[in-house]
Amino acid sequence: MNTLVINTGSSSIKYQFIDMPFGTVLCTGLVERIGEEKGIITHRKLIEGENLDVVYDENIATHEIGMERVASLLTDSHYGVITNTSDVKLVGHRVVLGGEKFSTTSIITSEVKSTIEKLSVIAPLHNPPNLTGIHVAEQIFTDALQVAVFDTSFHHTLPDYAYRYALPDHFYTEHDMRVYGFHGTSHQYVTGRAAIMLKKNVDDINLITIHLGNGASITAVKNGKSIDTSMGMTPTPGLVMGTRVGDIDPGVLIYMQESLGINIKEIKRIINKESGLKGLTGFNDVRLIQELYLKGDQKAELALNLYSYRIKKYIGSYLAIIGNVDAIVFTAGVGENSDIIRKMATDNLSHLGIQLSEELNTSKSKIERDISSETAKIKTFVIPTNEEFEIARQAYDIFTKQDIF
């Protein structure tokens with residue numbers, strides 16, 4: 001089944017073309033800097049052992065033009081993998097926020113699009129470009145079933161006492177103010193992979209999954225289902241992130257407005273774009289901060305200590321609510337590649353059954369692996385996330401349930 005996975009950002013289109021259900025990636029690409037003076041398109045064809053790469057620098061004024069370039073590359077006689085756009089039978093779209101409405105993957109209808117648009121008030125940086133990607137893909141890939149895969153749907157199994165805020169009831173009943181959680185597609189993917197590594201049914205495993213990228217979140221998984229997660233109604237709270245503040249006393253924000261005279265719009269910018277690691281060091285790239293840390297830079301030391309301390313606090317609280325945990329899972333760019341962060345976040349937890357093998361943790365690898373010591377009661381895994389495959393899998397699953405073969 002020719003399946004196109006699209007992840008549309010505010011100025012980018014990330015895509016993969018996957019043969020389902022086999023999961024074979026035939027090509028992958030990224031359209032960047034849409035709307036800027038010079039855009040970049042990176043495309044890679046992966047067929048029969050071939051790795052054909054092509055990079056274009058050109059003006060990409062709109063998402064429509066960007067998607068047209070994607071379609072052109074997919075059907076190109078040299079770099080393409082299909083003859084024409086009608087060969088695409090299924091398009092899976094990443095949509096960040098599904099809110100109360102969408103607890104599962106959904107076939108895209110006018111009602112679905114309308115709801116995604118309404119939810120843009122809560123996720124203004126993500127849902128609008130996601131919706132743009134849907135509109136454009138519908139115009140270009142007219143023969144394909146369009147499917148929305150929501151980042152929040154994995155977290156719809158949270159119990160009410162985990163997703164409710166202790167606010168007056170009407171804020172929830174009338175305004176849907178609750179924890180939604182994010183990165184659900186990633187947490188769900190690594191949960192499935194961890195089950196395979198543990199040689200258990202996914203419904204029988206208990207995990208703490210830690211997604212560490214520029215955005216970061218941690219999820220408690222019990223019997224294969226999300227029961228708590230660090231992000232909330234928005235992607236701002238929880239762990240310290242590249243530019244986001246994470247957990248903070250709301251009184252601080254009130255003080256910033258009332259006593260320092262900072263308006264709400266500026267506070268929103270500060271806590272989302274100028275805080276986190278960037279606020280502490282001036283940089284949001286963990287690789288650079290680690291280099292400074294190893295050189296003895298005090299700001300970098302504070303930043304990594306705070307970053308890992310927050311992870312450790314969540315690990316402890318999730319151990320308490322889950323009970324018997326089978327494994328801790330690190331994933332995403334930082335989680336997969338930073339042995340320093342993994343060590344700092346799990347150091348001195350041997351009394352809780354968590355202990356890393358220094359040799360396994362520091363060894364470089366791109367494959368999923370067990371990095372725990374032989375004496376650890378709780379496994380520690382590193383599992384590279386694959387959100388694109390998870391989107392394709394969920395889209396294909398809903399496709400096969402339709403009477404359209």
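Biologist: What makes the meeting of the side chains of Arg-178 and Glu-100 a salt bridge?

Modeller: In this predicted model, the side chains of Arg-178 and Glu-100 come to 3.2 Å, N to O, and because a salt bridge asks for a side-chain nitrogen of Lys or Arg within 4 Å of a carboxyl oxygen of Asp or Glu, the pair counts as one. The two residues lie in distant parts of the chain, 78 residues apart, with Arg-178 in the loop between helix H5 and helix H6 and Glu-100 in the loop between strand E6 and strand E7. The structure holds 18 salt bridges.

Biologist: Why is H7 called oblique to H8?

Modeller: Helix H7 (residues 250-258) and helix H8 (residues 264-273) pack at an angle of about 135°, with their axes 10 Å apart. Angles over 145 degrees count as roughly antiparallel and those from 65 to 115 as roughly perpendicular, while the rest, apart from those under 35, are oblique, and therefore H7 is oblique to H8. The crossing of H7 and H8 is right-handed.

Biologist: Which residues make that contact, and how do they divide into nonpolar, polar and charged?

Modeller: From H7 come Leu-253, Met-256 and Gln-257, and from H8 come Ile-264, Ile-267, Ile-270 and Ile-271.

Biologist: What makes E11 and E13 edge strands of their sheet?

Modeller: Six strands form an open sheet in the order E11-E10-E9-E12-E14-E13, with mixed pairing. Strand E11 (225-229) and strand E13 (369-370) each have a single partner strand, so one side of each is left without a neighbour in the sheet. Within the sheet, E12 (residues 327-331) and E14 (residues 379-382) run parallel and are joined by four bridges, and Ala-327 has Lys-379 of E14 as its bridge partner. H6 packs on the sheet, touching E9, E10, E12, E13 and E14, and its direction makes about 130° with that of E9.

Key: Residues are numbered from 1 along each chain as its sequence is written. This is a predicted model: local features need pLDDT of at least 70, side-chain atom pairs count only at pLDDT 80 or more; totals for chains, interfaces and linings use all residues. Side-chain values use heavy atoms; hydrogens and water are left out. Axes are lines fitted to C-alpha atoms, for helices over the stretch in contact, and angles run from 0 to 180 degrees between N-to-C directions. A crossing is left-handed if the near helix is turned anticlockwise from the far one by less than a right angle, and right-handed if clockwise. Contact means heavy atoms within 4.5 Å. Two strands pair if DSSP finds at least two bridges between them.
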